[in-house]
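Please open the model in your viewer and keep the sequence beside it, so that each selection can be followed from one stop to the next.

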Amino acid sequence: MTQAGIVGLAVAVVLLGLAALASAAQASLARMTLPTAMKLAADGRRGGDALVALMEHPARTASRIALLGLASQATGVALVTWVLLGLLQPLPAVALAAVAATVVLYVGAEVAPKTVALQRTEQVALAIGPLVAALARPLGPLASALIVVGNWVAPGRGLEAGPFVTEEQLRAMIDAAESEEVIESSERQMIHSIFELGDTVVREIMVPRPDMVTVSVEDSLSDVLDVVWTAGHSRIPVYKNDRDEIVGLLYAKDVLRRLHLGGHEDGPWEDLLRPAHFVPELKPVDDLLRELQTQRVHLAVVVDEYGATAGLVTIEDVLEEIVGEIEDEYDQEESLVEDLADDRWRVDARLPVDELAELVAADLPDAEWDTVGGLLFGLLGHVAVPGEQVAIDGVRLTAERVKGRRIAKVLVERVHAATDVEEEGR
């Protein structure tokens, strides 16, 4: 072997080490967060400051490390190939040597360093952070220039604009974490619920107007106390004339304080009213949660596009979208679905359409109607009469109980014959 060949192999070994360093950096920094890095730096860990500098610009750091790794691997492979071509003449021998070099590169520069980095994330990140920062800094201009070229070839956001991680990918990662028992099933459901908050509007979780517990400003304090005692609510909307004119909220503790201090049950109590908070019915739930936190209120009155009262929503309703049903000593447990066997169910008309669709494995429209009662009302096109029915996508809906103009209970049945479905829908 010539002296040039020895030098080439030596450089190739160095480049293999740089490629391994880049792989370990990619794996460790991918699992590192800026708060964690700042905590390590605050604890005085060696390399913590360099790690914070890298994590402050994760996309830029990732692009530079990727360039370092690719350049090291490509140059190392080129050098090894050049040396082998000078030593081995038969083509099969060159091919065999190339395969061996690929195996060494894959194991030494990919699998091994990433495995160590994943097992000892903090230690590896702190150890290689300063070195990676020193090596990646000179590559910054070249990486930025290549990203510009890449954006010209494929227009769109550049790598330094941030990693391309979609909501679907995150959901898939969460599902995989549950299947591998990294997280619990309840934790997975909670994370998915958080994702869905932005796609949920207030109208879908509010207490509808007919179910609102309210009092009139003309009621006596004794009547108000009866409502508070019966409903078990700590905050009750107060209206004047009708429910479209909500004038404030009445707190149960204010009523009890007034009576405890000798207030007369038939005396005036409008001074106890507190301001009501109003929100539109199409407001996203995640925005509502931030607004309730900022305004420090627990209950908001929901209004439609015409300013009429549509319902009310509490911070508990929002939290239930994340953690599931929250019941206290005043809640009366009531199942929204009663299984009648033979593909038949009796459901409360307040049941969400998407939950019924999941129950009966059917494609039911949930864009225009939020509840099963609303769906049946919309499909009928008029105020329902007990016994009226309609079929859609293999499911028959029957208005079983109607209170005034409102559907209360719906009988749900699967219709197995397609012809029956078509006849029912006519």
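Where pLDDT is low, the predicted coordinates should not be read in detail. Helix α17 (residues 418-425) has the lowest confidence in the protein chain, with a mean of 44, while strand β5 (residues 278-280) has the highest, at 95. Helices (H or I, at least four residues) and strands (E, at least two) are DSSP runs, numbered from the N terminus.

This is a predicted model, in which local features need pLDDT of at least 70 and side-chain atom pairs count only at pLDDT 80 or more, whereas totals for chains, interfaces and linings use all residues. Residues are numbered from 1 along each chain as its sequence is written, and side-chain values use heavy atoms, with hydrogens and water left out.

Now display the protein chain as a whole, for which the mean pLDDT is 82 and 88% of residues reach 70 or more. Its secondary structure comes to 17 helices and twelve strands. Of its 426 residues, 36% count as buried, where buried means under 20% relative accessible area, exposed over 50% and partly exposed in between, with a 1.4 Å probe and protein chains only.

Next, select Met32, Leu51, Ile128 and Val132, which touch the most other members among the 25 residues of the largest nonpolar core; such a core is a set of buried Ala, Val, Leu, Ile, Met, Phe, Trp, Tyr and Cys residues joined through side-chain atoms within 4.5 Å. The elements giving two or more residues to this core are α1 (3-30), α2 (34-42), α3 (48-55), α4 (58-87) and α6. Centre on Leu51 and, leaving aside neighbours within four places in sequence, you will find it in contact with Leu29, Met32, Ala37, Leu40, Ala125 and Leu126. A second, separate core has 24 residues, including Val360, Val372, Ala384 and Val395.

Move on to Thr121 in helix α6 (residues 121-136). Is Thr121 buried or exposed? Thr121 counts as buried because its relative accessible area is 13%, and, not counting residues up to four places away in sequence, Thr121 touches Ser28, Arg31 and Met32.

The next stop is a pair of helices, α11 (residues 221-231) and α12 (residues 252-260), whose axes come within 11 Å and cross at roughly 135°. Axes are lines fitted to C-alpha atoms, for helices over the stretch in contact, and angles run from 0 to 180 degrees between N-to-C directions. The two helices α11 and α12 are therefore oblique to each other, since angles under 35 degrees count as roughly parallel, over 145 as roughly antiparallel, 65 to 115 as roughly perpendicular and the rest as oblique. To see the contact, select Leu221, Val224, Leu225 and Val228 of α11 together with Ala252, Val255, Leu256, Arg258 and Leu259 of α12.

Stay with Val255 in helix α12, which counts as buried because its relative accessibility is 1%. The C-alpha atoms of Val255 and Leu221 are separated by 7.6 Å, although these residues are 34 apart along the chain.

Finish at helix α9 (residues 185-197) and helix α14 (residues 315-323), whose axes come within 7 Å and cross at roughly 130°. Here Met190, Ser193, Ile194 and Leu197 of α9 meet Glu321, Ile322 and Val323 of α14.

Note on methods. Contact means heavy atoms within 4.5 Å. pLDDT is the predictor's confidence in each residue, from 0 to 100.
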